[in-house]
Amino acid sequence: MEESGSVESLCSSTTTRSDLSSGTRRSDAELRVRTKLQHNTLHSVPKTATKGKAFEKVYKDPSKEVLPLLPEEIIQDAAKDVTYICPFIGPIRGTLTVTNYRLFFRCTDREPVFVLDLPLGVLSRVEKIGAATSRGDVSYGLVCKDVRNLRFVHKELEDSLKKSVFEVLMKFAFPVSNNMSLFAFEYKQVFPVNGWKVYDPLAEYKRQGLPNESWRISKVNDHYELCDSYPAALVVPVTITDEELRRVSSFRAKGRIPVLSWIHPESQATVVRSSQPMVGQNGRRCKEDEKLLQAIMDANAQSHKLFIFDARPTVNAAANKMKGGGYESEDAYQNAELVFLDIHNIHVMRESLRKLKEVVYPNIEDSHWLSNLESTHWLEHIKLILAGALRIADKVESGKTSVVVHCSDGWDRTAQLTSLALIMLDSHYRTIRGFQILLEKEWLSFGHRFQLRLGHGDKNHTDADRSPIFLQFIDCVWQMTRQFPAAFEFNEYFLITILDHLYSCLFGTFLCNSEQQRLKEEVPKRTVSLWSFVNSQLEEFVNPLYVHYPSHVLFPTVGIRHLQLWVSYYIRWNPRMRPQEPVHQRYKELLAKRAELQKRVEELQREAANRTASSSSERTGSPTLSITPVQTFV
Amino acid sequence: MLTGSKTTFKVRQMVPDMKERMLSHSNFHARGRDVLGLCCLPGECVLQRAVLVRKKLSAKEGGGWLSGTLFCTHFRVAFVPQDSRKPDDNADPVLLGDHDVALASIDKVVAVGPSRSKLVTPSCSLKFTPEELVLYCRDLRVLCFLFDRLTPDTQAEEITYTIAKTYQPLKPGTILSFQNAALGSIEMKQFLSNRRRDPDMNWFECSADWEQELERTGATGWRVSSVNDRFEMSTSLPRFSVVPQRVLDTELKKTFAHFNEGRIPRWCWRHPRGSDLLRMASFQNNIYHEKDDIRNLELVLFGGQQLCVIVDLGEEMPSPADIQLAHTRLRTLCLGDISSSVSVPDDKWLSTLESTRWLDYTRCCLRKAAEVACLLRGGHMTVVLQEPEDRDMNCVVCSLVQVMCDPHCRTVVGFQGLLQKEWITAGHKFLSRINYHRDCDKEEAPVFLLFLDCVWQLWAQYPARFQLTEHYLLALHDSVHLPLFSSFLANCQRERCRRSQHLPQSYTPVNGLRELPMGAPEEPVDPPFPPVWDWVLQYSSQRRARFTQPVSQPAYPPPLLNGNLNTNLDRIWHNDGLPGSVFLLSRSSFSCPSNLLPWRSGNSGSYWKSHRRAPSSEGLSGLERLIRACSLSETSDSTTTLHDPYEPLLPLLFGPCVRVWRGCYLRGALHAQAFSHPMSSCSQHPLEQLAWEVQQLRDKLAQASVRPHQNQSKRQEPQRLESNLNQNANNGTFLFSSSRTSQQQPSPGRGPAQSSILPRAQRTASDPPRASQKNNGKHTFLFGHQEPQSVSRYGPSPSAKLPKHKGNSH
């Protein structure tokens, strides 16, 4: 923590600091504990009282001490006497402050002090509810992307010329719609680590042993001419020329040709991703595309078959033929076997999450909880995605067969499937850095359309392109961490942090739709990477139970009875969900304890070795040699 | 670079104990090993065996397959893996090996052939050679054996038949032959009669046991009455009950008639804040209440307190029939039985699970217990649990409350004592409820299993606060299905005593002679049935080692001064200051119906009438505030509760928080999971893994520090190091409880004088005969030659009682 106070302030200012699951109450409690520690006293009542006073005094003189402002964060407006209609504890009166980054609500009358602190990026919609009441109250509803809704009431301003705090809020919540830049472009915090350097495609391919005799790294997309949503570096079979690739690109939707995503270090079986072929109703064919798939199969000597996983349900794939798309026919692609994985499209997923939100927020009906959960089909979708990834991983690992994965455009379901399969296959992606690389590679560089799916700073909340595809992927990863608690270097807090900053627009990582756009906007130059923040305080995110097995494949069980709803994400705002044990704290203690024990063992071993060396004449065959340090991976 | 060969581990190589075992076996390699390799119990004979069989390992065991030999004996179906240890003839018999299942636990035998599967019954004939044998067990395990192509067909068929014929679909009469097969041999009887009970746990079988409990909880104003010593006052109550000191036995005798089955209000536990927990059956209404009786009844009900809350468990709790129905549905759902036509599609799993209502009942019990725990926390009242029969839900709620409130009850030893106190001696009708004999189907209801589920829910929400583990709960869950244990083979203590022909022969004067310490010749000589707590008899040491985990804080709070920790809590109800206010807690709200105490209503209650006023609303609201605390779960920050050992563990009862016990009910779900991570399994809690690793480190530490210790030249240094470590550990709050320090520090002058550093010491003074005997045993051990090992073993050590297995596991 001592490396920079600023990192600390950042932690406490984002709502993510919720100890893995609880809502504001918890961070509140933390605050109190912190003050307690500072003053080294146990009388909490007078302490909080003085704290309240301090706050009042400060408020008269708006100062940064109360609001933990980030660099370049500026208070835009503040209003007293705003009532937050909390669905759990009822109306709370307090002051509302809006900055260019966050909404900050604070009520000091209550014990404990109530604080609501959320980045404006999570807002998907701000609307006035109903007309002003007879008492002159106006009500505003805030719909958030992180599975909660907020409601505020405040008095209509008599001075109608003055903007209400909510109008200011709307302006800053949706900067893109208001021709302003996202806060990420203003935020200038310096971290000891530069997260933009985490992913270097060539280094990553080199780690996989590429290029090799069958695969080369093509520069055909160097200027994003072949495909604007693909990365610059593409790995393709050596036997296919760049010219042929160009022809293939005209046959694949959005030019997203089949390229290598991962290669098995032993069997040379590969995971290849692409978009759908533009077969159309007439059953168009493309010689070069057929040749490319054949070359992919040939690159793996172990198998004479190629599996094509089409993520869509069969019906949808067939329906796509109407729009010129479709799927590989078995006539054209001999030796290839086509499998449909029955995963639904972004609209179904969006609807499912909407239902889930209805079921979990704000109140949960205990007696019908499970059937309500079932009716959202959320777990069913999770299951299908995991099951699909499992089949891919199984084909590659057990069948030693190369696979091609695609959906329609190859940037939603395909990204989910390939990245999950890669996590199962390659333990590198289960480390913190490896996971970052995986996200950078499979999601960011291969053009998952984050801007479109999340609508950063865009007020058009009904946009049909929005969909929780990435959230679903993180949920799947979380399901795997449940089943293999020792296989992942990161903890749950890491995943929640990623999701929180997915929406916060504090970091540049998840901005824009493609690598090309990001370069054009100079995102790496102008913004801070989420990984800078994460990698500067890794100890927060380390799973103390992690054991590193370099070559071990995970095959999760995917039945619904083995999946769980990720309650500590979806239901974290509910105070009834407060964690029973401060898991996060305990994790840290465990890490410290482990390191300490490790150190002591080493010390004692050294000492014992010294001693036996000095007295070796007395005793021979010292058993000290048999003591090997217990491996820890901290 | 991706390097290294991509090996796919067979997980059994990596599971620590397995690995260890395999290592130790490499020594045997050269020698010719007994191919059969089954370690039989005395008198057990193998009926049939099949070689080259593969057993499917559950996800918990790591998945994959294990090959070996399958046996069927009169008692069990045993599986011996190929590489298993050669049986040691001198070892004490263990009823079940790690891969075995007792015939009595088997519910269904299904043979899977090339094209179909068939339920095998003793009478039917197989028309195909089974390729796979699936055993569905009553304890929700599913064992799956695969016959290799090399298994002789005849063996595969024969063993399937044999199992089908030998396993007993339990019915009247068959149970006896099973019991005989297991324990009937002379050697076994002899072995059992020589076994000594675990002296560390409280058995609640003699008055000293109860006195010890009174003392442990710091309860004053109560005494042990042996008025029911010969079961004359109540047949279903234990011989000893704890009643207020002020009530004489002669007076007490008159109260029995006022309660159903004579189950009078009895003291169970005292909360450190001075409230007492009692339980009783419903009142007998059609009885004339004499003036003197009324005084006694009130005394018995109130103890020394001014306020009494009666918690009605009759109405809103699930009835035994409900529980039975729910459990049957849950079983069907979870087993996904091939033989039955009911198979729930995956996408209907959640709603079907909900419709079993099992989770609702779990929640209901937990909620009630949490309410009671919150009440008790208020201090200075008696909370009396009332159920018509006082033999089902009272057991559940009363013991759950104690698990929530009393850290001692979250250790293995304490938990077993708790079950002795609130279930076994208290007369839960185990025999009828489990229905071993299949002769009381109407009574059958897995009330105890529901309780275990509730404990698991607590455990799952507060894993670090329990010394016992999920493995322990599972072991207990499975043992319930074995009709071999005296604990479960009777409906009340009287039956148990009668069966062992050990009804006390002579008249024992009230409060007279104290029972002899246990282990004395009083121990029944001819008991065929051991208590379930004799885990050494049931499980291998590897499995028993997983019953406990280190606890984060001293499991035992410092000794209590008369149980009155309570000081600054506002005593709201004292303002309305009525001695003898009684409230009824029902459906989470308080009321004061006029007929709550039958003797107070009507004219007969004239004695107390003058005192009876309508209780003020303040009193009610004060109580309600206590309860609300629990329903909102907003009482306290987790930061504060963590450090206060007296704060009850209040479970979250929110829909998503009450979960299905996957580790138990879904053990049967055999899923195609080709490999799993070496260090993981689907349901093992991470803490277990971590505990193991820390244990490794500690062992190494102990080794490393012992070695220089032997070296005479520098003796002091390692000791200092070690004690340093312990100090740090204490500051670090996690893995080592404070009192261990005192045990660990090698003391220059060893001897009985050192007992003063033991936490147990306080007891020694006041409870001379038993305690000193125990402590003697302890001294020889603790200060004996094996110190390093005692240091290395984690267990319930920082305790009033000794780690359980120490004596016999070394």
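Which residues does A:Phe152 touch, not counting residues up to four places away in sequence? In this predicted model, A:Phe152 touches A:Val82, A:Thr83, A:Tyr84, A:Leu96, A:Leu103, A:Phe105, A:Leu116, A:Val138, A:Ser139, A:Tyr140, A:Leu142 and A:Phe166, a contact being heavy atoms within 4.5 Å.

Residues are numbered from 1 along each chain as its sequence is written, and chains are lettered from A in the order in which they are written. Local features need pLDDT of at least 70 and side-chain atom pairs count only at pLDDT 80 or more, while totals for chains, interfaces and linings use all residues, and side-chain values use heavy atoms, with hydrogens and water left out.

A:Phe152 is also among the residues with the most contacts inside the largest nonpolar core, which has 295 residues; such a core is a set of buried Ala, Val, Leu, Ile, Met, Phe, Trp, Tyr and Cys residues joined through side-chain atoms within 4.5 Å, where buried means under 20% relative accessible area (1.4 Å probe, protein chains only). Helix H10 of chain B, residues 358-378, gives the most to this core, with 13 residues (helices are DSSP runs of H or I, at least four residues, and strands are runs of E, at least two, numbered from the N terminus).

Chain A also holds an open sheet of seven strands in the order S4-S3-S2-S1-S7-S6-S5, with antiparallel pairing, two strands being paired if DSSP finds at least two bridges between them. Strands S4 (114-119) and S5 (123-129) of chain A stand at the edges, each with a single partner strand, so one side of each is left without a neighbour in the sheet.

Technical notes: Buried < 20%, exposed > 50% of the residue type's maximum accessible area, 1.4 Å probe, protein only.
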